[in-house]
Amino acid sequence: MPGNGGNKKVSVNQIGAGRLIGMLPGGSSIKFLRLSNKGKQNHGNSKLSKNRQHVYRIDNLTQFDIFKFGISGAALNNNGSSRRANVQVNKLNNTKKDKYSGTVLHRNLANRVVALAVELALVCSYKKANGVNPVGNKRPICNI
C-alpha cells in the first residue's frame, strides 16, 4: 500500500479517510467526490451534508459472515450502538431464519463524503477477500 513503506500492514480500523479515498480504483475517487447536487437543499443523505456520520456493519451470525456495511448521520444510542443498524437488524431477525447483529466500526466521521468513502473502501475490501460484494449491500457496488 502506498505511503506505508511497503512493509507495514494496516488494518481497516487504522486507515484514515484520506488513505481510504486513495485506495479507490482509478477515477472512482474523482467520480465519488463529484458533488452532482449543487444548488439543491441539503438533506442527511446529500453528499453536501456536513453532519457527523458513523459507519456500521451488520453480521450474519448464523453464516459467520458480513451481511452489509452502512452509514448513518443519526446520533448513536447511549450504549454506543447505531439506531439505523438496530432497526435493520431487528427487521432482519424478525423476517429471516438467520440471526443478525450490528456493530459500529467508525464514529464521528467529519461528513457524508468521508463516510461514503469509508463504506466503499470496506465493501471493496470485502469483495477483494471474498470475490463478491456483501450480500446485503445494494450500494455501493465495488467494481474492482
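A residue is taken as buried when its relative accessible area is under 20%, and in this predicted model tyrosine 100, with a relative accessible area of 7%, is therefore buried. Phenylalanine 67, at 15% relative accessibility, likewise falls under that cut-off and counts as buried.

The rings of phenylalanine 67 and tyrosine 100 are arranged edge-to-face, with a centre-to-centre distance of 5.1 Å and an angle of 70 degrees between the planes. Phenylalanine 67 belongs to strand β2 (residues 65-72) and tyrosine 100 to strand β3 (residues 100-109), so that the pair, whose members are 33 residues apart, links distant parts of the chain.

The disulfide count comes to 1. The bond is formed by cysteine 124 and cysteine 142, whose sulfur atoms lie 2.2 Å apart, and the torsion about their S-S bond is about 110 degrees, so the disulfide is right-handed. Because cysteine 124 lies in helix α4 (residues 112-130) whereas cysteine 142 lies in the segment after α4, the pair ties together parts that are 18 residues apart in sequence.

How values were computed. Residues are numbered from 1 along each chain as its sequence is written. This is a predicted model: local features need pLDDT of at least 70, side-chain atom pairs count only at pLDDT 80 or more; totals for chains, interfaces and linings use all residues. Side-chain values use heavy atoms; hydrogens and water are left out. A disulfide is a pair of cysteine sulfur atoms within 2.5 Å. Helices (H or I, at least four residues) and strands (E, at least two) are DSSP runs, numbered from the N terminus. Rings of Phe, Tyr and Trp (its six-membered ring) pair if their centres lie within 6.5 Å; planes under 30 degrees apart count as stacked, over 60 as edge-to-face and the rest as tilted. Buried means under 20% relative accessible area, exposed over 50%, partly exposed in between (1.4 Å probe, protein chains only).
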